[in-house]
Amino acid sequence: TRVMIRQHLSLRHDAEAHEDGERRGMTRVTQDFVGCVQTRCRIKTVLDAAIADARKACKLHLNCAPKVIISGNENLTTAYIPEHLYVVLFEVLKNAMRATVDNH
């Protein structure tokens, strides 16, 4: 429900900003967003942020953090909500790091 509300509000805001820009003779750059969905979300960019934050949390609570190795297509893009992708990746990485530290 929150995602649908956020998407509706984002689309409405975009439409109002577009109308306002047209009245003033200005155009607006949307950075590949349709509402709150980024049409060309770079997964590697979001993943790097999630890795950095998960490592900080791991170091803070467990005094060490395992190194994360990324393999595969690092230029992959998709239409997705970057904030949601970040939360999912952060939680998975945080849990994996804790399990790694606890078992090694």
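Select Lys-44 to begin, and show its side chain together with that of Asp-48, since the two side chains make a polar contact at 2.8 Å (a pair of N or O atoms within 3.5 Å, where within protein one must be able to donate a hydrogen and the other to accept it, and residues adjacent in sequence count only if both atoms are side-chain atoms). This is a predicted model, in which local features need pLDDT of at least 70 and side-chain atom pairs count only at pLDDT 80 or more, while totals for chains, interfaces and linings use all residues. Residues are numbered from 1 along each chain as its sequence is written, and side-chain values use heavy atoms, with hydrogens and water left out.

Lys-44 belongs to helix H2, residues 43-62 (helices are DSSP runs of H or I with at least four residues, strands are runs of E with at least two, and both are numbered from the N terminus). Setting aside neighbours within four places in sequence, Lys-44 is in contact with Ile-70 and Glu-74, where contact means heavy atoms within 4.5 Å.

Next, select Asn-63, which lies in the loop between H2 and strand S3 (77-80). Its phi is near 70°, a positive value in a residue other than glycine. Asn-63 is exposed, with a relative accessible area of 70% (exposed is over 50%, buried under 20%, partly exposed in between, with a 1.4 Å probe and protein chains only).

From Asn-63, go to Val-101, which is 38 residues away in sequence and 9.6 Å away in space, C-alpha to C-alpha. Val-101 sits in helix H3, residues 82-103, and is buried, with a relative accessible area of 19%. Beyond its neighbours within four places in sequence, Val-101 is in contact with Cys-58, Leu-62, Cys-64 and Pro-66.
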